[in-house]
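Hi everyone, thanks for coming.

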Amino acid sequence: MVTERRDLFDRNRQPTGKTIEAGKPIPAGSFICVVMIFIQNSRGDLLIQKRAKNKSFGGMYATTGGHPKSGQTSLEGAVTEIEEELGIKVNPDDLRLICARRIDAENVFSDIYYLKLDIELDELKLQAEEVESVYWFTLYRIREEYREGHFVPAHYEELTNALRYGVINVSKVAKY
């Protein structure tokens with residue numbers, strides 16, 4: 001099995017030309033990219049996945065996401081994560097970058113994407129190593145799962161940021 005690699009960037013998001021093996025500590029002064037995708041249907045619900053038990057935060061709820069592979073752009077990584085985790089191909093033009101920021105404490109560049117998509121859950125082909133199950137959740141349900149300690153904190157934080165800045169339409173769903 002080939003080990004997945006990730007590109008390393010400097011603090012200004014310039015490629016260093018170096019890579020790191022997935023799961024290894026990020027060298028001091030270097031950063032990797034992570035992507036998170038909020039998928040929302042026409043009803044206003046968000047697609048939430050329950051992480052596989054063997055993963056970090058196993059058994060908890062989260063959004064689709066991961067790390068672009070070495071050589072991929074952030075957008076290409078987001079498209080790949082959707083296809084790998086959910087088994088669906090999406091047009092990159094349908095994804096909208098809603099936030100890109102550097103998180104110094106974690107040595108990551110975090111890119112958050114939004115995708116409007118109506119799909120039946122039984123049409124998805126879940127990647128068993130990553131995803132146990134998927135659901136359409138209202139914002140109210142997400143908030144309750146977070147309060148009960150069942151939602152990955154970083155994913156909840158990014159969602160609340162997206163809501164605060166109005167980049168996710170909440171007109172059809174329960175508000176906070």
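Let's begin in helix H2, where glutamate 145 and arginine 141 are four residues apart, and so are separated by about one helical turn. Keep in mind as we go that this is a predicted model. The side chains of these two residues meet in a salt bridge, with 2.7 Å from N to O. Are the two partners buried or exposed? Glutamate 145 is buried, with a relative accessible area of 9%, while arginine 141 is partly exposed, at 35%.

Staying with H2, which covers residues 139-147, have a look at its neighbour H3. When two helices pack, we describe them by the angle between their axes and the distance between the axes. Here, the axes of H2 and H3 come within 11 Å and cross at roughly 140 degrees, and the crossing is left-handed. On the H2 side, the residues that meet H3 are Leu139, Ile142, Arg143 and Tyr146. On the H3 side you'll find Pro153, Tyr156, Leu159 and Leu163.

Now let's walk along H3 itself, residues 153-164, where we find histidine 155. Its relative accessibility is 12%, so histidine 155 counts as buried. What does histidine 155 touch, not counting residues up to four places away in sequence? The answer is Met36, Phe38, Ala62 and Thr63.

Nine of the nine residues of S3, residues 32-40, are buried, so the strand is largely enclosed by the rest of the structure.

Who pairs with S3? One partner is S8, which runs parallel to S3 and is joined to it by nine bridges. In that pairing, methionine 36 stands opposite isoleucine 112. Another partner is strand S6, residues 64-66, which pairs with S3 in the antiparallel sense over three bridges. There, isoleucine 37 has threonine 64 as its bridge partner.

Let's come back to salt bridges, because the count comes to 13, where the rule is a side-chain nitrogen of Lys or Arg within 4 Å of a carboxyl oxygen of Asp or Glu. One of them joins lysine 55 and glutamate 130, at 3.2 Å from N to O. Lysine 55 sits in the loop between S4 and S5, and glutamate 130 in the loop between S8 and S9, so this pair ties together parts that are 75 residues apart in sequence.

Another one links arginine 101 with glutamate 157, the closest N and O atoms being 3.4 Å apart. Arginine 101 belongs to strand S7 and glutamate 157 to helix H3, so here the parts tied together are 56 residues apart in sequence. Arginine 101 is partly exposed at 27% relative accessibility, and glutamate 157 is partly exposed at 40%. There is also a network of salt bridges linking Glu4, Lys69 and Glu84.

One last stop, at the hairpin of S1 and S2. These strands run antiparallel and are joined by four bridges, with aspartate 7 opposite threonine 19. Five residues lie between the strands, and arginine 13 takes a positive phi near 65 degrees in this hairpin.

That's the tour, and I'm happy to take questions.

Notes
Residues are numbered from 1 along each chain as its sequence is written. This is a predicted model: local features need pLDDT of at least 70, side-chain atom pairs count only at pLDDT 80 or more; totals for chains, interfaces and linings use all residues. Side-chain values use heavy atoms; hydrogens and water are left out. Helices (H or I, at least four residues) and strands (E, at least two) are DSSP runs, numbered from the N terminus. Buried means under 20% relative accessible area, exposed over 50%, partly exposed in between (1.4 Å probe, protein chains only). Contact means heavy atoms within 4.5 Å. Axes are lines fitted to C-alpha atoms, for helices over the stretch in contact, and angles run from 0 to 180 degrees between N-to-C directions. A crossing is left-handed if the near helix is turned anticlockwise from the far one by less than a right angle, and right-handed if clockwise. Two strands pair if DSSP finds at least two bridges between them.
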